[in-house]
Protein chains: 2
Amino acid sequence: MMSAKRFALIVAGGSGSRMGAEVPKQFLLIQGMPILMHTLNVFANIPSVNEIVLVLPESQIVQWKSLCIKYHFAVKHTVTKGGETRYQSVKNGLMQISNPNALVAIHDGVRPLVSDEVIENCFLAAEKYGNAIPVIKPVESVRIQEGDNSFIADRDKVLLVQTPQVFKVSIIKKGYETPYQPSFTDDASVVEFMGEKIHVVDGNRENIKITTPLDLRIAETLMK
Amino acid sequence: MMSAKRFALIVAGGSGSRMGAEVPKQFLLIQGMPILMHTLNVFANIPSVNEIVLVLPESQIVQWKSLCIKYHFAVKHTVTKGGETRYQSVKNGLMQISNPNALVAIHDGVRPLVSDEVIENCFLAAEKYGNAIPVIKPVESVRIQEGDNSFIADRDKVLLVQTPQVFKVSIIKKGYETPYQPSFTDDASVVEFMGEKIHVVDGNRENIKITTPLDLRIAETLMK
């Protein structure tokens, strides 16, 4: 059986507000290169990934294109404009992918530290099950709030969800036909909402989401 | 009203196994000094903390004492031997504290990055409510496993628990009279088991538990 075509959909919607920076966080530098280029590089270096689609706020597209020139960034990719929310941005990005039998890995632009192995495992599992997402277990005890109280949870049953979240294109597109719900905190929750079972695979702990100056310092360390 | 006497009970039970190191993880160096000394320093530098009790595996006590000489470590503290499990170690440590009206902050020896403010806030809240523990919210989406399936959780209701966990001594001692239960993943869960309501305060995100080589590198970065 021939493998399905593989897309990476990189979603970079953030501003720099939580960073205390003027520059959008995905354009901040690690080892002298914008975070977002590191992230695209990871997917570009995986031979089985056929195409990369980048979703950016419309206001950042001109800046991105000059950054690509400045940094001689040669990774082939399509840029498309995002929406008001992450939900709308992913929806816009999916419109660039027409092959219903392809697989798409939807990934946060500010997660440059995902491992090749995790990406590959997510694609393989999604090929088999229709979807796959990487998860890690928390190191900490976990409590669940109920009203003004909270109760200890069974830590072994708690999963922290990362990206890439990989789906068969027809399935995720169907999911994104659902109007936005407050429970949609990631792409898997959109697909789950229509009754699909979500398949989890082991993530890599280094794959942090860079959203604060602290995360930026950690990512710099981890990339060394 | 006079404030209650304040103890810090530092629990350092770990081996180096998850670190791939021969040296117990609490003795690994950050900025040229064992992690455990950094942790004790934090509490020693808080004027309102009256006494520090350190719980160590019996097999590590001689090594600790020579490290204290080697590093000219002058922080006054009592050393007591731990047990087979963390539960037994905390129980042993609590036997060193007789004042039932005192407050005790039970803290992981491998969390040197807790902030003074978090410690102070935990003591203040525990003085008022009988207990207080620091928590942070996860950045990630969270799923809860049920059987071979998993379901999205309301992220806003999920709390990741850190230390120090501060208790009125009489309350935590009563908790530790309960025989060990599998649900006891931290000290708050022991106290909760006897029906006490647990009070949460904001933790600091830097306060990571150093258990892997990756954590060690992150801690080194954060301490700069």
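Predicted model: local features only at pLDDT ≥ 70, side-chain atom pairs only at ≥ 80, totals over all residues.
Local features need pLDDT of at least 70, side-chain atom pairs count only at pLDDT 80 or more, totals for chains, interfaces and linings use all residues, and side-chain values use heavy atoms, without hydrogens or water. Residues are numbered from 1 along each chain as its sequence is written, while chains are lettered from A and ligands numbered from 1 in the order in which they are written.

- The same surface serves both copies, as 100% of the contact residues of chain A recur in chain B.

**The interface**
- About 3700 Å² is buried between chain A and chain B; this is the accessible area (1.4 Å probe) that two parts lose on being put together, summed over both.
- Carbon and sulfur atoms give 56% of that area.
- Between the chains, 17 residue pairs are in polar contact, both residues at pLDDT 80 or more.
- A polar contact is a pair of N or O atoms within 3.5 Å; within protein, one must be able to donate a hydrogen and the other to accept it, and residues adjacent in sequence count only if both atoms are side-chain atoms.
- Helices (H or I, at least four residues) and strands (E, at least two) are DSSP runs, numbered from the N terminus.

**Strand pairing across the chains**
- E8(A) and strand E10 (residues 158–161) of chain B run antiparallel, joined by four bridges.
- Strands pair if DSSP finds at least two bridges between them.
- A:Val142 stands opposite B:Leu160 in E10(B).

**Salt bridges**
- Over all chains the count is 14 salt bridges (a side-chain nitrogen of Lys or Arg within 4 Å of a carboxyl oxygen of Asp or Glu).
- Four salt bridges cross the interface of chain A and chain B.
- B:Asp148 forms a salt bridge with A:Lys197, with the closest N and O atoms 3.4 Å apart.
- Inside chain A, A:Asp108 forms a salt bridge with A:Arg86.
- This pair links distant parts of the chain, strand E6 (residues 103–108) and helix H3 (residues 86–94), with the two residues 22 residues apart.

Technical notes. Contact = heavy atoms within 4.5 Å.
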